[in-house]
Amino acid sequence: MTREVRAFAVTVLTLAALGVAAGLLWSGLTPRAPYQVTDQGTVLADPTTQALIAADGWFAVITGGLGLLCGGVAWFSARRLMLPVLLGLFAGGVAAAFLTLWAGSTFTLGAVMVEAAPAATGVKIVPGALKLTAKGVLVAWPLLAVGFFGLLEGMHGYRESPLRQPYGGIGPT
């Protein structure tokens with residue numbers, strides 16, 4: 001296996017493993033929306049709840065922060081294998097985002113608090129499953145990882161560029 005393929009595979013697998021851990025963190029931090037059990041099925045108990053928005057926000061914060069961290073670590077550690085690592089950041093970031101969604105939706109961690117309804121009314125309130133309502137937050141991880149990697153590379157390339165020295169370093173400054 002060549003060094004480039006190995007660098008790509010290690011990057012993708014590392015980000016995928018981080019995606020599962022991020023999903024567990026997302027599940028532990030995010031509040032659940034309360035649902036009411038009725039004869040027709042479950043319906044949102046409180047239509048004004050902010051829990052659905054909070055789930056999207058926590059997902060974006062966790063995956064976006066990990067995307068920035070992964071982009072920075074990848075740039076500092078991949079001095080000679082920039083392209084395979086950059087492609088690995090993209091592919092691994094996409095995989096990590098979907099694994100975060102899967103793990104957070106599948107496993108329930110942390111305290112799940114639901115206000116108990118009076119037993120006399122016969123209303124049963126249950127916590128809802130954790131899900132995303134804004135699917136656009138799935139791009140936070142790969143977008144920020146690749147973007148931060150590119151920003152660091154651009155700043156480094158500019159600092160090393162001969163274009164910073166007008167006239168090749170001779171003449172008026």
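Me: Which residues in α3 meet residues in α4?
Reply: Met82, Val85, Leu86, Leu89, Phe90, Gly93, Val94, Ala96, Ala97 and Thr100 in α3 meet Trp141, Pro142, Ala145, Val146, Phe149 and Glu153 in α4. Contact here means heavy atoms within 4.5 Å. The model is predicted, with local features requiring pLDDT of at least 70 and side-chain atom pairs counting only at pLDDT 80 or more, while totals for chains, interfaces and linings use all residues. Residues are numbered from 1 along each chain as its sequence is written, and side-chain values use heavy atoms, with hydrogens and water left out.

Me: By class, what makes up the contact of α3 with α4?
Reply: The contact of α3 with α4 has 13 nonpolar, 2 polar and 1 charged residues. In this scheme Ala, Val, Leu, Ile, Met, Phe, Trp, Tyr, Cys and Pro are nonpolar, Asp, Glu, Lys and Arg are charged, and the others, Gly among them, are polar.

Me: At what angle do α3 and α4 pack, and why is α3 called roughly antiparallel or roughly parallel to α4?
Reply: α3 and α4 pack at an angle of about 155°, with their axes 7 Å apart. The axes are lines fitted to C-alpha atoms, for helices over the stretch in contact, and angles run from 0 to 180 degrees between N-to-C directions. Angles under 35 degrees count as roughly parallel, over 145 as roughly antiparallel, 65 to 115 as roughly perpendicular and the rest as oblique. The angle of about 155° therefore makes α3 roughly antiparallel to α4.

Me: Is the crossing of α3 and α4 left-handed or right-handed?
Reply: α3 passes α4 in a right-handed crossing. In the convention applied, the near helix is turned from the far one by less than a right angle, clockwise for right-handed and anticlockwise for left-handed.

Me: What makes α1 roughly parallel or roughly antiparallel to α3?
Reply: The two helices pack at an angle of about 25°, with their axes 7 Å apart. That value makes α1 roughly parallel to α3. The crossing of α1 and α3 is right-handed. Their contact has 18 nonpolar, 10 polar and 1 charged residues.

Me: How do α2 and α4 pack?
Reply: They pack at an angle of about 35°, with axes 7 Å apart, and their crossing is right-handed. On the α2 side, the contact includes Thr63, Gly67, Cys70 and Trp75; among the residues of α4 are Trp141, Leu144, Phe148 and His156. By class, this contact has 14 nonpolar, 6 polar and 1 charged residues.

Me: How do you know whether Gly104 is buried or exposed?
Reply: Gly104 has a relative accessible area of 1%, so Gly104 is buried. Gly104 lies in helix α3. Neighbours within four places aside, Gly104 touches Gly23, Trp26, Ser27, Arg32 and Leu130.

Me: What makes up the largest nonpolar core?
Reply: A nonpolar core is a set of buried Ala, Val, Leu, Ile, Met, Phe, Trp, Tyr and Cys residues joined through side-chain atoms within 4.5 Å. The largest one has 27 residues, and those with the most contacts inside it are Trp26, Phe59, Val85, Leu89, Leu132, Trp141 and Phe149. Two or more residues each come from α1 (3-29), α2 (51-77), α3 (82-106) and α4 (140-160). The largest share, 7 residues, comes from α2. Beyond neighbours within four places in sequence, Leu89 contacts Thr11, Leu15, Cys70, Gly71, Ala74, Ala145, Val146 and Phe149.

Me: Which pattern does the protein chain follow?
Reply: Read along the sequence, the pattern is α-β-β-α-α-β-α, with 4 helices and 3 strands. Helices (H or I, at least four residues) and strands (E, at least two) are DSSP runs, numbered from the N terminus. Buried residues make up 34% of the 173 residues in the protein chain.

Definitions and conventions:
Buried < 20%, exposed > 50% of the residue type's maximum accessible area, 1.4 Å probe, protein only.
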